[in-house]
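Welcome to a short tour of one protein chain. Please have a look at the model below, and then we will walk through it together.

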Amino acid sequence: MNALEYGMCACDTLMKQFEAASLPPVGRFHYHQGVFLSGMQKIYEISHERKYLIYCKEWVDSIIDDEGNIHTFDPGQLDDIQPGVLLYLLYHEFKEERYKKALDHLLPIILDFPKNAEGGLWHKEQNKEQMWLDGLYMAGPISAQYAAEFEHDEYFDLCIFQAGLMEKKTKDNKTGLWYHAWDSIKERPWADKETGLSPEFWGRAIGWVPVALLEELDFIKDGYPGREKLIRMTVDLLKAVVKYQDDETGLWYQVVDKGGHEGNWLESSCTCLFTAAICKAVRMGFLEESYLTYAKKGYDGIINRLRYEGENIIIDNICVGTGVGDYAHYCDRPTSENDLHGAGAFIIMCAEVSMQDLA
């Protein structure tokens with residue numbers, strides 16, 4: 001199979017397992033479904049297989065009513081904003097006003113979301129004063145596309161500011177990697193008492209960053225103030241990440257910079273996200289084509305790890321949802337198979353690889 005066929009196979013595998021309305025967590029508008037269906041939408045746009053668009057619509061329509069109201073939605077979590085990115089394609093394809101109404105409800109929540117003293121979005125209302133790398137993916141792409149489609153430049157400015165502040169607070173100058181989180185008031189048990197930083201470089205959190213920034217850059221036009229800054233951040237982070245790819249397998253570790261340390265393990269979702277981001281950064285002209293060597297190793301490493309049950313594929317060694325913690329916290333996290341985090345990351349990777357001559 002080529003990369004597009006692998007992506008379609010992963011979509012088909014999950015579609016057979018779950019009716020659209022039954023995607024977990026059932027009935028909730030949440031990024032678990034959002035990342036998976038974001039990948040599915042990318043596969044639809046390449047393959048033109050309409051069943052993928054219909055499946056996305058069926059899930060969204062199970063949660064959003066005719067007036068654009070979102071059921072079982074927590075406005076105090078950026079995680080519950082992210083699936084809104086699915087609404088743009090549905091609005092374009094089906095011309096139903098409820099999708100625009102839902103976006104008009106979601107986007108002001110981002111502007112008004114609780115912020116720390118420096119203007120950084122909290123990750124959740126319950127995570128007071130904390131910025132997590134994950135938040136750039138949850139709130140960024142949806143904001144940039146809203147700005148582009150409905151002429152609200154303030155959302156471009158929000159994307160650029162949040163990414164810049166996150167880099168300023170979490171980037172490690174020695175490795176070039178970004179720590180998972182920053183507590184502006186330095187109160188959490190994991191927070192360094194001097195810097196407020198969490199202690200480790202968690203793979204999937206870092207993977208969200210270039211994927212998010214590149215999606216924002218799809219919509220922020222040349223010459224817009226701060227665009228070049230986003231490009232520079234993306235390139236710098238990817239150039240740091242490739243230094244930690246495992247030579248033997250092509251995969252990346254759960255704790256990125258501690259490959260071979262006791263307890264650490266090779267994790268699938270971060271590998272997929274890094275591979276996708278490298279491919280897209282090359283495609284957009286931000287990284288030299290030589291970086292596709294790393295992407296091919298990552299892609300091959302994931303494909304070599306797949307298992308099969310009949311026509312279904314099994315993506316394993318996916319870290320389950322994870323908070324912030326120490327080295328043992330990340331190493332001890334359970335793994336799952338075909339978890340929507342990992343399936344979504346895999347499908348996003350396949351979509352990007354399919355646009356490169358890697359396979």
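## A first stop: S336

S336 is buried, with a relative accessible area of 17%. Buried here means under 20% relative accessible area, exposed means over 50%, and partly exposed lies in between, using a 1.4 Å probe and protein chains only. S336 belongs to strand β8, residues 335-336. Leaving out residues up to four places away in sequence, S336 touches I315, D316, N317, I318 and V320, where a contact means heavy atoms within 4.5 Å. Helices (H or I, at least four residues) and strands (E, at least two) are DSSP runs, numbered from the N terminus.

This is a predicted model, in which local features need pLDDT of at least 70 and side-chain atom pairs count only at pLDDT 80 or more, while totals for chains, interfaces and linings use all residues. Residues are numbered from 1 along each chain as its sequence is written, and side-chain values use heavy atoms, with hydrogens and water left out.

## The chain as a whole

The secondary structure of the chain comes to 13 helices and 8 strands. The radius of gyration is 19 Å, close to the 21 Å that the globule rule gives for 359 residues, so the chain is as compact as a globular protein of that length. That radius is taken over C-alpha atoms, and the globule rule is 2.2 Å times the number of residues to the power 0.38. Along the principal axes, the C-alpha atoms fill a box of roughly 50 × 50 × 40 Å. Of the 359 residues, 62% count as buried. Among contacts between residues at least 6 apart in sequence, 69% join residues at least 24 apart.

| Helix | Residues in helix | Span, first to last C-alpha | Expected span |
|---|---|---|---|
| α7 | 18 residues | 26 Å | 26 Å |
| α10 | 16 residues | 23 Å | 22 Å |

In α7, 13 of the 18 residues are buried, so this helix is largely enclosed by the rest of the structure. Helix α10 is mostly covered, with 15 of its 16 residues buried. Just after α10, G285 takes a positive phi of about 85°.

Now turn to G203, in helix α8 (residues 203-217). At 0% relative accessibility, G203 counts as buried. The C-alpha atoms of G203 and C270 are separated by 5.2 Å, although the two residues are 67 apart along the chain. Beyond its neighbours within four places in sequence, G203 is in contact with Y253, Q254, V256, C270 and F274.

## Rings and charges

How many aromatic pairs are there? The count comes to 12. Rings of Phe, Tyr and Trp (its six-membered ring) pair if their centres lie within 6.5 Å; planes under 30 degrees apart count as stacked, over 60 as edge-to-face and the rest as tilted. The rings of Y91 and F150 have their centres 6.5 Å apart and their planes at 55°, so this pair is tilted. Y91 lies in helix α4 (residues 87-94) and F150 in helix α6 (residues 134-150), so the pair ties together parts that are 59 residues apart in sequence. Together with Y146 and Y155, Y91 and F150 form one aromatic cluster.

F150 also has K100 over its face, at 4.6 Å from the ring centre. Likewise, K57 lies over the face of F94, at 4.8 Å from the ring centre. A charge sits over a ring if NZ of Lys or CZ of Arg is within 6 Å of the ring centre and within 35 degrees of the ring normal.

## Some loop residues

H180 lies in the loop between α7 (153-170) and β2 (181-183), and H180 is buried, with a relative accessible area of 0%. Among the residues that H180 touches, not counting those up to four places away in sequence, are M131, W132, S198, E200 and Y330.

Which loop residues have a positive phi without being glycine? H48 has a phi near 65°, and K186 has one of about 60°. H48, in the loop between α2 and α3 (50-61), counts as exposed at 60% relative accessibility. K186, in the loop between β2 and α8, counts as partly exposed at 33%. Finally, the peptide bond from P24 to P25 is cis, with omega near -5°, and P25 is placed in the loop between α1 (3-17) and α2 (31-47).

Note on methods. The expected span of a helix is 1.5 Å times one less than its number of residues.
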